[in-house]
Amino acid sequence: FFSEGAFRLVLVLPISPDVELTDQDFRKISALIYEQCGIHLHEGKKELVKARLGKRIRQGGFRSFRDYYEYVVEDRSGQELIHLLDSISTNFTSFFREPQHFEYLRNHFLPEMARRKKDRQLSFWSAGCSSGEEVYSIAITLLETPEISKGFRLKILGTDISTRVLKVAQAGIYGVDRIQTIPEGLLSKYFLRGEKRWKGFFKIKNELQKIVTFQRLNLMESFSFSEPFDCIFFRNVMIYFDKKTQEILVNRF
């Protein structure tokens, strides 16, 4: 059931040892990242930056991190900045990550909404959705709550700064290693199992995909929505921002 060419195997070679990331270049790059997306990279992240940007430097034939930095800031299209942020952003996630949050959602928040919401509509926002596991976990929780699944119009928006992980989220296709936290009953109910060349992969069913939407959003840029959200998930993204940025974002939410 998966289309041809849905995945590519990419070989990532280590960056050439003669391309060094100087302290000055690291400070410039980290300052640019902070300015553009609010992610705070302290000195301990220097090797991470070097490793994450190494591939882009090799692909572009840049002689140094300084050359790459200058190219990014001079690129009027903004596309290379998107590639840089894609490379730097950390996208660890899993289905039903920190299950106590979903237990609270199911046992407390949703029953309360079922009693209070007269318009019979619920709108959720996963503000740092990564590759989509959180969004689909919310969707499953909603459909597994009887008071909500019958008679409510449901909408879930997932946003992330990384176009790379958003493609995975939109496809809704996950390897067997990614679905280990999903009970078998829910897995068979909401996922299609891959066959033949796609054995070992699972695809989200249309029942879930029709209530979710994904789009790229940089939280440091202005954003507004036509309707308010009933619930905003921003659980595991705050750790990447400093206190000042956290306070700004919480107030905007």
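**Helix packing and a parallel sheet in a predicted model**

Arg120 sits in the loop between H5 and strand E1 (121-126). The model described here is predicted. Although Arg120 is not a glycine, its phi is positive, at about 55°. Most residues other than glycine have a negative phi. The relative accessibility of Arg120 is 32%, so this residue counts as partly exposed.

Phe96 belongs to the loop between H4 and helix H5 (99-116). Is Phe96 buried or exposed? Its relative accessibility is 15%, and Phe96 therefore counts as buried. The cut-off for buried is under 20%.

Six of the six residues of E1 are buried, so that the strand is mostly covered. The cover extends to both faces of E1. On one side, Gln121, Ser123 and Trp125 are buried.

E1 is part of an open sheet of four strands. Their order is E6-E2-E1-E7, and the pairing is parallel. Which strands form the edges? They are strand E6 (212-216) and strand E7 (231-233), each of which pairs on one side only. From one strand to the next, the twist averages 20°.

The pairings can be taken one by one. E1 and E2 run parallel and are joined by six bridges. Within this pair, Ser126 has Gly158 of E2 as its bridge partner. E1 also pairs with E7 in the parallel sense, over three bridges. Here Trp125 stands opposite Ile232 of E7. Strand E2 (residues 153-160) is in turn joined to E6 by five bridges, and the two run parallel. Asp160 is placed opposite Arg216 in E6. Helix H8 (residues 163-171) lies across E2 and E6 and runs at about 165° to E6.

The C-alpha atoms of Asp86 and Asp160 are separated by 9.8 Å, although the two residues are 74 residues apart along the chain. Asp86 lies in helix H4. With a relative accessible area of 7%, Asp86 is buried. Which residues does Asp86 touch, not counting those up to four places away in sequence? They are Ile161, Ser162, Thr163 and Arg164.

H4 also packs against H1. The angle between H1 and H4 is about 100°, and their axes are 11 Å apart. The two helices are therefore roughly perpendicular to each other. The range for this term is 65 to 115 degrees. In H1, the residues Leu32, Ile33, Gln36 and Cys37 meet Leu81, Leu84, Leu85 and Ile88 in H4. Seven residues of this contact are nonpolar, one is polar and none is charged.

H1 has another partner in H2. H1 and H2 pack at an angle of about 80°, with axes 11 Å apart. H1 and H2 are therefore roughly perpendicular to each other as well. From H1, the contact involves Asp23, Phe26 and Ile29. From H2, Lys46, Val49 and Leu53 take part. The residues of this contact comprise four nonpolar, no polar and two charged.

In helix H3 (residues 65-74), the residues Phe65, Tyr68 and Val72 are buried. Why do these residues lie on the same side of H3? They cover an arc of only 60° around the axis, which puts them on that same side. The cover over the buried residues of H3 includes helix H1 (23-37), helix H2 (46-60) and helix H4 (79-88).

Conventions: Residues numbered from 1 in each chain as written. Predicted model: local features only at pLDDT ≥ 70, side-chain atom pairs only at ≥ 80, totals over all residues. Heavy atoms only, no water. Buried < 20%, exposed > 50% of the residue type's maximum accessible area, 1.4 Å probe, protein only. Arc of directions from axis to C-beta. Contact = heavy atoms within 4.5 Å. Axes fitted to C-alpha atoms, helices over the stretch in contact; angles between N-to-C directions. Parallel < 35°, antiparallel > 145°, perpendicular 65-115°, else oblique. Nonpolar A, V, L, I, M, F, W, Y, C, P; charged D, E, K, R; others polar. Pairing = 2+ DSSP bridges.
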